[in-house]
There are 2 protein chains.
Amino acid sequence: MSKGDKKKDVTIHDLAQELKISPSTVSRALRGHSSIGEKTKKAVRELAKKRGYRPNAIASSLRTNQSNTFGIMVSWINRTFISSLIAGIEKAAREAGNRVIITQSHDIAELEKENLQALYDSRISALIVSLAMETRDYSHFSLFSKNGIPVVFVDRFPNKKDIHKVHINNFNAAFEATEHLIHQGCSRLAHFGGARHQAIYEDRRSGYIAALKKNNIDVDEKLILQGNSLSAEEGLMLAEQALALAPPPDAIFCANDTAAVSAIRYAKSKGIAIPEQLAIIGFNNDPICEIIDPPLSSIHHPAAEMGEAAVKQALAILAGKIETESARSVTLETHVVIRASSDKLGSLAKP
Amino acid sequence: MSKGDKKKDVTIHDLAQELKISPSTVSRALRGHSSIGEKTKKAVRELAKKRGYRPNAIASSLRTNQSNTFGIMVSWINRTFISSLIAGIEKAAREAGNRVIITQSHDIAELEKENLQALYDSRISALIVSLAMETRDYSHFSLFSKNGIPVVFVDRFPNKKDIHKVHINNFNAAFEATEHLIHQGCSRLAHFGGARHQAIYEDRRSGYIAALKKNNIDVDEKLILQGNSLSAEEGLMLAEQALALAPPPDAIFCANDTAAVSAIRYAKSKGIAIPEQLAIIGFNNDPICEIIDPPLSSIHHPAAEMGEAAVKQALAILAGKIETESARSVTLETHVVIRASSDKLGSLAKP
DNA sequence: CGGCAAAACGCAATCGATTGCATTATTATT
DNA sequence: AATAATAATGCAATCGATTGCGTTTTGCCG
């Protein structure tokens, strides 16, 4: 109760002394080393339990030079995609016997850098990162790579070679989303894009353009609305801009769901029928897709699986198992989820 | 690039040797100890930067017996409330110079216990917990409290005295939510409750009952629908049950938003007008409240602030500043957020 | 220039667990 | 029963930083 009760922890030395054996034997016994007799092992384990002994991971880490700790660096923890990603990482890391330290950059490059330093100081075994929106300079990651600490990027990754990453094929996903709209009969398709220096957004934009070209639809620059954060507010602004065009678009492929939902709400407020006058598809397949009316079509983005894949990737690197260049990059599958917001043909109602 | 490049880290010994001074001096210089000369400090700092020295937090922790690490134990990371809570904890902890290790119990008591052991092994400075839904036995927390490691409960806490916690006044919040419905003219109010062994749900239920009594409305047990996880599916079931009653309720106070949204959807599918025939209010004020149509009234639950408050509480305990019994429990403010789902009087439209 | 206090710095132990290399106890072999 | 062989266990250094206390250096005054 009072402040100063720092009962010292039981250590292997305490156990050793009580059993009149050496600390080395205790250490080996606890880890089931083969060269320790069964009776000794049993005695040690029993006393350990009896005294409430708990290994000191810090001391162990220092000696073995292995922290068994994964570091995570993301923009914001409280985002649907990110929190699912983290949930996946935590699960996979724990199952492999690792702890997880988490940090957030708030999308600020400077904070990202500071946090990376702190993670390094903790001597993490591996780092899993989804870049801050701001980040364009990747030099602070060399601190890890130069010291043999695996760095695996997830979702938002640097635009360069020789990195390990887990991602989705944003180009293809965007292509499919766009073609889906086209197949529904849309011909004036707008695109709401995110910050272009982030590869994921640039790829989604490219996929959109490629789909238009393949279907012989002219690419109209005015229909490409450049956003940045793709927040709800930004989505509203973009929707306003898009619908002010003459003629207005008959479809929108939005690079995330948050902004797409704003677009739906704005369009509805203007009395525009969705999907009849305006078909909309988002990206991520956030839970809000099912809540909004009409439900929002989207691209399923396997967040938790990406986290698990990132951990596996990191473990493979640590085990020295990544040899081929192709193994450096893991691409997970996405798929279009069709809901009412883009279902002009009524294919949902049929079955 | 190849596997075996474990360039050994630069240590204070390396710096010491190069400067022909002792490691103790380097250590003190880096920490700005007053008994070290200015020129020495400068020289040390410069060489440290030049050689890319980074302190080994593990070694430091071992020696000082301070890990500067907060442990978090929650049910699921990817839940709106929880992820915001964690975001708040991470922020406050970092600002106070602490790392954050995160674990999730998946609402399984056994996993919670295992994770707690692992956190203890990491010698965390303090623990912040939101209990697993399953948990009814709190004995594994004594491992921490007995060793002087602060444990602060957030949101879901044990039903006992002598614990530190950060919470909201669930009774009052529920009372206000219920009275709000009554003031809107409702008289047959249903309640969707969560697992009763969790104090937060029991308190919400009590608040609901108290509000009815105060307003001279008979408490009808059939109108209290007992849920457990209050998932979307469960919300659907409860809504079905509630609306099958004769006569059906004219309002629902649901102990979370997820289930409330399900209720809205179910009611709409049955052609029931909201809020005219059925007024609904949820709890948490999740983002979906604004997305669903009609927008869902709710109780604002300050997740991130609760996380920050929990960190402050833990730091205060560590500093030996918690003396009074009252200081052990921090209660944050909530408020009713009125939206269309319960606005029968149209007060929203007026201004 | 001697003397002394204050300022700088070094020694060596310490934190708790791990491990290479002995050393001792036990069992097997002939 | 003596010796080889094997199984068990112990010694002591180590990981990197910190710290109480002792030692050296510097600065200042008479």
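Let's start with a ground rule: helices (H or I, at least four residues) and strands (E, at least two) are DSSP runs, numbered from the N terminus. This is a predicted model, where local features need pLDDT of at least 70, side-chain atom pairs count only at pLDDT 80 or more, and totals for chains, interfaces and linings use all residues. Residues are numbered from 1 along each chain as its sequence is written, chains are lettered from A and ligands numbered from 1 in the order in which they are written, and side-chain values use heavy atoms, leaving out hydrogens and water.

**The sheet in chain A**
- Chain A has an open sheet of 4 strands, ordered β7-β6-β8-β9, with parallel pairing; two strands pair if DSSP finds at least two bridges between them.
- β7 (224-226) and β9 (279-281) of chain A sit at the edges with a single partner strand each, so one side of each has no neighbour in the sheet.
- Strand β8 (residues 251-254) of chain A is joined to β9(A) by 3 bridges, and the two run parallel.
- A:A251 has A:A279 in β9(A) as its bridge partner.

**A helix across the sheet**
- Helix α8 (residues 170-183) of chain A lies across β6 (189-193), β8 and β9 of chain A, at about 165° to β8(A).
- Axes are lines fitted to C-alpha atoms, for helices over the stretch in contact (heavy atoms within 4.5 Å), and angles run from 0 to 180 degrees between N-to-C directions.

**Two helices in chain B**
- Helix α8 (residues 170-183) and helix α9 (residues 199-214) of chain B pack at about 40°, with axes 7 Å apart.
- Residues of α8(B) that meet α9(B) include B:F171 and B:F175.
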